[in-house]
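Please read it with the structure open.

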Amino acid sequence: MSDATKLAAAAGSADPGVGLRAVLALRRLLETLETLQVGNARKAGWSWQEIADALEVSRQAVHKKHAGRWPGPDRREK
């Protein structure tokens, strides 16, 4: 069983202490994975709109959250 699978199982625990710690760990993992994949998408030439569509959020939301991490083309994009 992978760590992520263990965390997902723990998130359903009847013990709120166990469940909430697992939710926090999953949230941190999710943020790390999102940052990684947004970076991969930008390196592959995806626009902020394409990334936003994939994440089902607004372009403004994804740009505000991630644009500062990658200087360069994102600032020239309109």
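1. Burial and surface. Of the 78 residues in the protein chain, 19% are buried. This is a predicted model, and the points below should be read as such. The protein chain exposes about 5,600 Å², and carbon and sulfur atoms supply 58% of that area.

2. Overall fold. The protein chain has five helices and zero strands. Read from the N terminus, its elements run α-α-α-α-α. Taking contacts between residues at least 6 apart in sequence, 32% join residues that are at least 24 apart.

3. The core. Which residues make up the largest nonpolar core? There are eight: V38, A41, W48, I51, A52, V62, A67 and W70. Helices α2 (16-43) and α3 (48-55) each supply at least two residues of this core. The most comes from α3, which gives three residues.

4. W70. This residue belongs to the largest nonpolar core. Setting aside neighbours within four places in sequence, W70 is in contact with T35, V38, G39 and W48.

5. The salt bridges. How many salt bridges does the structure hold? It holds two. In one, E31 pairs with K65, with the closest N and O atoms 2.9 Å apart. E31 sits in helix α2 and K65 in helix α4, so this pair ties together parts that are 34 residues apart in sequence. In the other, K65 pairs with E34, and here the closest N and O atoms are 3.0 Å apart. That pair also links distant parts of the chain, with K65 in helix α4 and E34 in helix α2, 31 residues apart. Through shared partners, the salt bridges join E31, E34 and K65 into one network.

6. Is E34 buried or exposed? E34 counts as buried because its relative accessible area is 19%, and the cut-off for buried is under 20%. E31, at 33% relative accessibility, is partly exposed. K65 is also partly exposed, at 36%.

7. Surroundings of E34. E34 is placed in helix α2. Its side chain makes a polar contact with the side chain of K65 at 3.0 Å. Apart from neighbours within four places in sequence, E34 is in contact with L55, K65 and H66.

8. A nonpolar surface patch. L29, L33 and L36 form a nonpolar patch on the surface, and together they have about 240 Å² of accessible area. One of them, L33, lies in helix α2. L33 is classed as partly exposed because its relative accessible area is 43%, which falls between the limits of 20% for buried and 50% for exposed.

9. Backbone at E56. Which value does phi take at E56? It is near 60 degrees, a positive value in a residue other than glycine. E56 lies in the loop between α3 and α4 (59-66). At 73% relative accessibility, E56 is exposed, since the cut-off for exposed is over 50%.

10. Points to check on screen. Then turn to W70 and its contacts, among them T35 and G39.

Technical notes: Residues are numbered from 1 along each chain as its sequence is written. This is a predicted model: local features need pLDDT of at least 70, side-chain atom pairs count only at pLDDT 80 or more; totals for chains, interfaces and linings use all residues. Side-chain values use heavy atoms; hydrogens and water are left out. A nonpolar core is a set of buried Ala, Val, Leu, Ile, Met, Phe, Trp, Tyr and Cys residues joined through side-chain atoms within 4.5 Å. Buried means under 20% relative accessible area, exposed over 50%, partly exposed in between (1.4 Å probe, protein chains only). Helices (H or I, at least four residues) and strands (E, at least two) are DSSP runs, numbered from the N terminus. Contact means heavy atoms within 4.5 Å. A polar contact is a pair of N or O atoms within 3.5 Å; within protein, one must be able to donate a hydrogen and the other to accept it, and residues adjacent in sequence count only if both atoms are side-chain atoms. Accessible areas come from the Shrake-Rupley method with a 1.4 Å probe; for residues, only the protein chains shown count as cover. Patches are made of residues with over 30% relative accessible area and no salt bridge: like charges are joined within 9 Å, nonpolar side chains (Val, Leu, Ile, Met, Phe, Trp, Tyr) within 5 Å. A salt bridge is a side-chain nitrogen of Lys or Arg within 4 Å of a carboxyl oxygen of Asp or Glu.
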